[in-house]
Each structure stands twice: as structure tokens, then as C-alpha cells.
Amino acid sequence: MVKSTCNYYGGKTNGLSQSIASNELRFEQKQNFFQCSKVLSSANTASFSGPPGSRMKRFRRHGQESQRDRLKQELFQFNKTVEHGFPHQPSALGYSPSLQLLAIGTRSGAIKLYGAPGVEFMGLHDENAAVTQVHFLPHQVELVTLLDDNSLHMWTLRAHKGLSELLEIGRFTLTGPPGAPPSVTRVTAVLAHSSGELLLLGTEGGHVFIVEVPGFRELEERNISLDQVASSVPDDYIGRRNLEHVEALQENPVHPNQVVIGYGRGLMVIWDLEKQSAIQHIPATQQLESVWWTEDGDYLLSSHSDGSYCRWMVSGVDVNEEEEKSDIPYGHFPCKAISKIIQLPTEEGPPFLLFSGGMPRASYGDRHSITVIHSKTHVALDFTSRIIDFFAIRGGPQHTGDPSALVVLVEEELVVIDLQTEGWPVIQTPYLVPLHSSAITCSHHVSAIPLKLWERVLAAGDLQSTHYSKKPWPITGGQNLAPDPPQRDLLLTGHEDGTVRFWDASGVCLYPMYKLSTAGVFHTDADPNDNMNQGTEGEWPPFRKVGCFDPYSDDPRLGVQKIHLCKYSGYLTVAGTAGQILVLELNDEAAEQTVEAKVVDLLQGQEGFRWKGHTQLDVREEPVLFPPGFQPFALVQCQPPAVVTALTLHSEWKLVAFGTSHGFGLYDYQQKNNVLIKCTLNPSDQLAMEGPLSRVKSIKKSLRQSFRRIRRSRVSLRKHHVNNTNKLQEANARLEAELAEMELAPVQRKIEARSSDDSFTGLVRTIYFADTFLSDSSHNSPSLWAGTNGGCVFAYMLRLPPVEHRAEEPVTAQPAKEIQLMHRAPVVGIVIMDGHGAPLPEPLEVAHDLARSPDMHGSHHLLVISEEQFKVFTLPKVSAKMKLKLTAVDGSRVRRVGVSWFGSSRSEDYGESGLVVLTNQGDVHVVSLPNVKMQVHYPCVRREDVSGIASCVFTKHGQGFYLISPSEFERFSVSTRCLVEPRCLVEVPLHSSNQRRPQPDGASSAHRNASQDREDAESAARRVMEHALLNDEKVLQEIQKSLEGDQTSILENNVNSAVA
């Protein structure tokens, strides 16, 4: 299956939804390869209780239903649009100098292309096999991939409606003679010839097969067999060793008819493709790793398994072994292999020599390094993960100038080195940034950032990027045709090392803006003098640390668990693993200050509980110098120091609310006082006292108990095996009788009420601020709402002093309401709607004229979202008004929820608010507000991908992000209006028509010129025809008609001749 970055991964609906949609809606659903836009039935599935036929008769209203269905199509549409971050488990790298495109293959069979920022393509092989090699055809828009199942695949960038698509157009597998072992055709080396018409495939058996592309036609008469090569090798060499597999294939840059074939044992043979004979033999004695032909065609460089490389003159005369002169850059002790070597000339001065590996095995065998040598400068670039491949980008219009950048793909990131600036600094990558440089622990999305805050965050980030090169991004292929983002969006990710990273999520590229570190507030195990970025003076090898991937955390307690940013005031609150809550404000200047901790005892003196988890972090007592950016000024420390599970901030009231597995609290960060502390711990919540870092023992204990129960049950089964059948039949009969007595709706399931003895019932799942009616229907007041894992909702009325006395008079909180859901399912969300049924606006949103004032005249409604259902209560009486069951209908449970605005694609003025819900089945549902009716649902995440479901975050405009791997976010949209996807075009290089197969040496110049003119004319005509075929549907139809007419005339002629 072929997939493009623009709207890939089609979805499937379940059978029930499909039948309802087909029987009730009666509209034609369109589904194509790149887009999943199925609109499902809105009719109230949860309330249907009769058979399908009766449902249709009772509820079908043609006019209303069809109008609502059309409106749904204008509001909702599901698309997976783009993948942000670094590809998981990369396995191959390719580059096209003419297209200026980079290609990365992965172990899962994906192929991704990148050019200028915003130019991205994605394809996926049908085979579940790793991509081992990627090669662009020179000066063309095709590329070839080799998989580890030995299959070759041809891909092309084809224009369609003004945009390019990545499509697979062919596949090929070498077939050997009957009875031949698989090694004969097992491909180990690939060379895309500069003619653009040939592929040379070296195999494990030592043969070289020549294949014509793009049609994958094997040219058997031109194949280079091992016997042909062996017959020309001197007897004394061939008698001592086997040639082994083909390790490398390289083309002569000056004479394209000459290629060098490098064999595993060290022998290199220069072969003439036209004369089909060997020109020169180079008998290296060491195991061969790679070969490089210098640009002038006079020398070959070979690198070997002992950490050495050799330089050989190409003279057409066989070389003796005595002439072998090897250089071991990091000898004299045994060294690791140099896996790849390249040498690039400069216009003035010595060439650049670059190679990977070659380090002393005993001392530095675990280092991942690439050495760059130029003149007297010698640097060993030290990476933190395994090197996959590398290449150099050259300047000049024909890409033959001085090397300008070194591009290195390592297992966890892409690093680009500026080779033209002194010191060879790193160039900041606009995409492929390793999101997992420290493991992601949480995320938070903020839409429509004000310009002033955006510029201040960018300015703080620029001060952190002074060590990067000032050179522009060197990979510039393709054209980004996507419109400018309509607004500025931020994605904040919390990490295991206590950092919060700010990303520009407005467009296709997830660009890093700023990094906040919270570790400076605390004492950690890190040594401040431990600087790994630079080697000491005179150190050999001359290591220099590069790259930003650093997965090691100084202290796991630093991990960020919750983030909340107020985009209007610039206040930020960050909560961590050890119960720490930091409140920060944006400052454009560096400041030295002390952060004092305010302790909150959530147990409230309850006896019988003893915390067995980790200790709290030690706060620095001395002043700390904080750089420009977000600086902490208040710290709340929960006791016990458990993970913070809920967090929110109200910048207008200057309050922060937080919750853990033991309770919740309210903190006034203006006066730096605690306002409210509430313990929600249940007497049976013993697990809540153990903490996440001490549960391993209890897990082991429960496993042991489980195995004991299994063993006991097996023993009892053997004892009572005779009576099993009768007992089973009796149990089934009893169960059927009980079910017959229950008057359950056919589409509903019986959901067992959860016991109050379940563990973690006191864990606070959600916390919410609202200005609403709690005491009576005529006086609104600030309030705080908290929902727990045991289905309990607490509401507190807040009294805020007047603005002029806000700094002196205390904020008070008093309990107002308490709701216990009958089914005791965890409360995952709370929303209060105003008199018009609209969700209440964010703090300061109305003050900045970005939202209308909420309606305070009509009655407000409270929506409580549990894992199993959505329930609406009236305020202030808190009486149940309506509900929508989810678990009882399809067995799924709510995992993530958010409020979004869906604008119509047809009318700019129309839109609706709705709840976006992700379930444990991986489905995305949209529920209407305020009447809580199911609108649409789509499959989004694999149900087995638990971490992906847990990482999902929704935006305010119907989009979402979730982790598809530790290093990649998948972006999706449920809105027809708000869609961020790549829209790009890659054109065929202009000079590709002149890049033809070279003529034999004996061809006359007149014949060569005539052939060249004819080929140029044919190529121009072919380009015109291709353009017409790809871009003009009318021309395509005319050609189709003419072809059909030709076939008809041929058939008539055949019939007439047969009759005659």
C-alpha cells in the first residue's frame, strides 16, 4: 500500500456504525485512498432500545435528518495530516543533489522525503520489512529502495492537481538460475548509474547484476558474474582466498563506463561496462568496508575493518600487494572498522577527508564518531547514538563546489554540521528535531498565541541558540505551497529531565522555539563541572560532542507531569513527579532570586498512612541566577510527594489548583498562601501511599499470588474434572434465566458499579475553575471543581477580595456541592456551560476581546464527563437533566477529552462547540454541546497503542496530537476548516534531459551530436507529453479515445483480412 504525507492512513468503521449509517442516513459516502471522511450516524445510539426496523419507523424524519447530515459533512472530517518529529528506528539515508531532497527509510518499512521546510512526503511499503538502502536516480524524481527481504521498489514524485505525491510504481526481486542458493541473488550493494537508466546490483554471491530502470528489466547479457572476475584475477591472489560478497560499487566520476567492484575480502576490480572486461585489479589484504573514487578519477580510497584506509592510483595497470600503503588514523593499538570514507576537493587548499569509525577498540570502542580532517584541523565528532549514514552537501550551481555541510543520520537524530564556518558549528534543524532528546512525559497545546507573547518567547529562545551556525538550512528542495498558518499555536512538551520545550505548532514543521529547565531550582546529582560538550585541550582522539539527544535524567523526580500556560498574562505553572508545583512568569532580563517552597500537607493529619514512595526534591536555599525567559517565583510542595495528576491556573484570580492521589489544593500565588487543602484519600487506598517508584514490589507480589492461584485452580480442576460438564451447563442455564429477567435494552450492556474499595479512588483526575451559580440562581461567584477516580465531584465557592485589597485580604474557599456518581467511574472532565449552552471562556479571554461575555441570565449547566458516560446537571440545584452513555453501548471508556470549536467549511459565520473524546478503543468521538448527542466517530489510534492513547492532546479548533513512537507526534484533524497538511511540489531538474547515457569511445563527433540533438528533441517531446498527461485531464481523455479508436481500427482490419 502506498501512502503520501498528505492525508494518509485510511480508517475503518465498525459493523454496527456502518449498518446504522447505511440504513438511516441514505447518503453516498465517499472514501478514497488519501482521505477518511466517513460521517456516521448522529441519531441517538445510546437511547435506541428497539430492533432496527422499529427504530427506523419511530425516529426517521427525512427532512431534519438529511439537513443535519449535510451540516455534519460541513463541520466534521477526519484526516491524519502530518507526522512531527524524528522517524522511529531509521535504517537508511539517501540524498539527491539535483532535487535537494533528503530520504530516510525506517525499520518499519516507511520512506520519508524532506526538502525545504514544509516540503515533506511519506510512503509505506506493503512488506513489513526494514529499508536497508535508499538511492535517488541521478537528475530524476525517482528513487529506489532496497528492503531486507531482498526486494527493490521504485518510487516517484508525480504531480497531481498542482501538488506532488510520492507513489510506488514498481517492485522487483532478483531471480537466480534454478537450484542456485539464495546468496547468489542476495543484494548487498546498489549503484544508481549516472545515466539514470541503469542499476548495478552487487550480491552476496559475488555477482553484479545490471538492471534497466525504471522498468526493472534485467540485462542478462551485461551481467558481471563472479567467474568472469575470477578468471581475470592473478592466480596467486585467487588461490589464497575467496572473493566473498560485493561490498561496494562506485562509478568513475570522469569515465562513467568504469565502475569499481569491491569484494569483502579486499579485492577491488575496475570494470569497463562497455567492453565488459576488467581494467585493473587492486588486491587489498584487509577486509573491505567501503570505497570512494576521487573527483578527478585518479585515485581510489578504500577503508578496512582494521581501522585503516588506503589510497590507490587508478592507472589501468594491476597493483602489487607490496604497493599497499595503509594509514591508521588512530593506531597503533587495534582499532574498529572505518565503515565509510569520502574525500571532497576544495577550490583552494587541501581536500576534506571524512570517515566514520576507526576508533581504538579498547579505549573508545563504544563511541559513535565521524572524523573530519581538513588542512591542520582534525576533529572527531562524537554522537550519542549509532551512526546510520552520512553525506556531504556541496555548493555551486552544479553542486560541485566546496563542501558546505555534513549531514549525519544517527539512530536518534539528524545532525547537520556547517563546514564553511570556523569551528564547524551545528546548524539548527527546522524539522526532524528529536522530540525525545529527553523522554516526553506530558504535553499541552495553546492556540492563538498573542503576538507579543510569541515574540518574547522567540527572543528568549534566540539567546539559547547562540552556539548554532548562522547559515541557512542547506536542504532546499521542492516548493512549499501551503498557505500561511491562520494563527500562532504552541505545543509544550514536558520531559523526564525536568525541562519544558516550546514548539511552534502553527504549520507542517514542528519548530523548536525555547527550552525551560526546572532543575536549577533543586539540588540534583548532576555535577556542575561535568561538561561533556568539549574535550580537554590536547586530548587524543580530539572528540567534540555534537547533537542534542541525551536520554539520561539526573533525577527521575524532576519529570514534568502537568503544564498549564496562560497566553494572555504570560504565567506558566509546571508540576512534577515528586509533588512539586512551580509558578513562573516571563521575564526578558536575567534575574537572581530565591524560590521558597510552600508545603501542603494533603493528608490533613490522617493517621494510619505511611508514605513508602520517593522523597521530595531538595530546594536550593541560596539565590539562583535564572536566564531570560520563564523564571520561577513560587513553589508548592505537596506532602506526601506524589505525582501531580491535575493542574490548572487562573491568572485573573492569581490562583493555582492542583491534585494528587491524596487530595487537592488551592494556592494563591500573589500572596503566596495556601487557600484550600482537601484530602480525598479513601481508608482502603493503600496503593496510593506507595508511589510510582515503589510499586515494583507490590507488582511482584501480585504476580506471585496470581501464579499460586493458577496452580491451585489447576489442582482443583484435575480433582473435579468429572463434574465440570454438568456444572458448566447448570451455570449457563442460570445465567440465561438471569438475563431473561433483566429488562436491558438490546444495545446496552450491564455495567457493574465500581466498588468504593477500589485502589486510587481518591486520585484527582481533573480540576476546573468557573464563575457560575452555586448558592442561588441570581448570584454568580468564582468556584473550584475537582473530580476524582472514584466518581466524586467536589465544588467549592471562592471569595475574592476587591482588586484594591487583593494583595492584603485573603482568598477564602468554602464547600458548596458534592456529587457522587452512582456508577463510580473516574471523572475525567468537567465543563460548565452558560445560559446559551456555550462553554465558559478562558480567564482573561473576554478582557482581551477575544470571546464574548458568558450569558449570566439563563441557567448554567454542569457537564460531568466520566470514563463511562456524559451527564448534564442544572445549576445551582445540581439535578440531573440528561446523559449519554458510552460504555454501556460499545464497551469503550473515555481516556482523553477536550472542548473544540468546529467551523463550517461552507459558511464562515457558522460554527459549533463540541466535545472531542478519545476512547480506550482508539476511536475519536465528537459530542455536541449543550445537548450531548453523538455526532460522528472515527478510528484514530490502534487500540493496542496504550501509550499513544494516553499521550493524546486536543486543540481548541478540532485538531489533535498523539505519540506514534517515542520520537514522533501524529497530527490529525476532525474539523473541515482547520487542517494543517503538507502541500508541496517537486519539479524535474531542468538539465535532466541532457544527462544521457555516454557514447562509446569510437563514436564520431558528428554521430554523437546528431544523436544528442535527436535525443534532446525526443526528451523534450516526452516531457511535454508527461506534463500533459499529469496535468491536463482533457488531453488524457483525448489520448484515451484515440487509443481506443486505434484498437477498434486494428480489430476491423484483422476481421476484414480474415474474411478476405
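## The sheet of β6 to β9

In this predicted model, an open sheet of 4 strands runs in the order β6-β7-β8-β9 with antiparallel pairing, where two strands count as paired if DSSP finds at least two bridges between them, and where strands are DSSP runs (E, at least two residues) and helices are runs of H or I with at least four residues, each numbered from the N terminus. The edges are held by β6 (131-136) and β9 (163-173), each of which has a single partner strand, so one side of each is left without a neighbour in the sheet. From one strand to the next the twist averages 25 degrees, with axes taken as lines fitted to C-alpha atoms and angles running from 0 to 180 degrees between N-to-C directions.

Within this sheet, strand β8 (residues 151-160) is joined to β9 by 10 bridges, and the two run antiparallel. One of the residue pairs here is Met 154 with its bridge partner Gly 170 in β9.

## Thr 577 in the loop

Thr 577 lies in the loop between β38 (571-576) and β39 (580-587), and Thr 577 is buried because its relative accessible area is 8%. Leaving aside neighbours within four places in sequence, its contacts (heavy atoms within 4.5 Å) include Pro 556, Arg 557, His 614 and Val 643.

## The chain as a whole

The chain has 13 helices and 64 strands, and 51% of its 1060 residues count as buried. Among contacts between residues at least 6 apart in sequence, 60% join residues at least 24 apart.

## Basis of the values

Residues are numbered from 1 along each chain as its sequence is written, and side-chain values use heavy atoms, leaving out hydrogens and water. Local features need pLDDT of at least 70 and side-chain atom pairs count only at pLDDT 80 or more, whereas totals for chains, interfaces and linings use all residues.

Terms used: Buried < 20%, exposed > 50% of the residue type's maximum accessible area, 1.4 Å probe, protein only.
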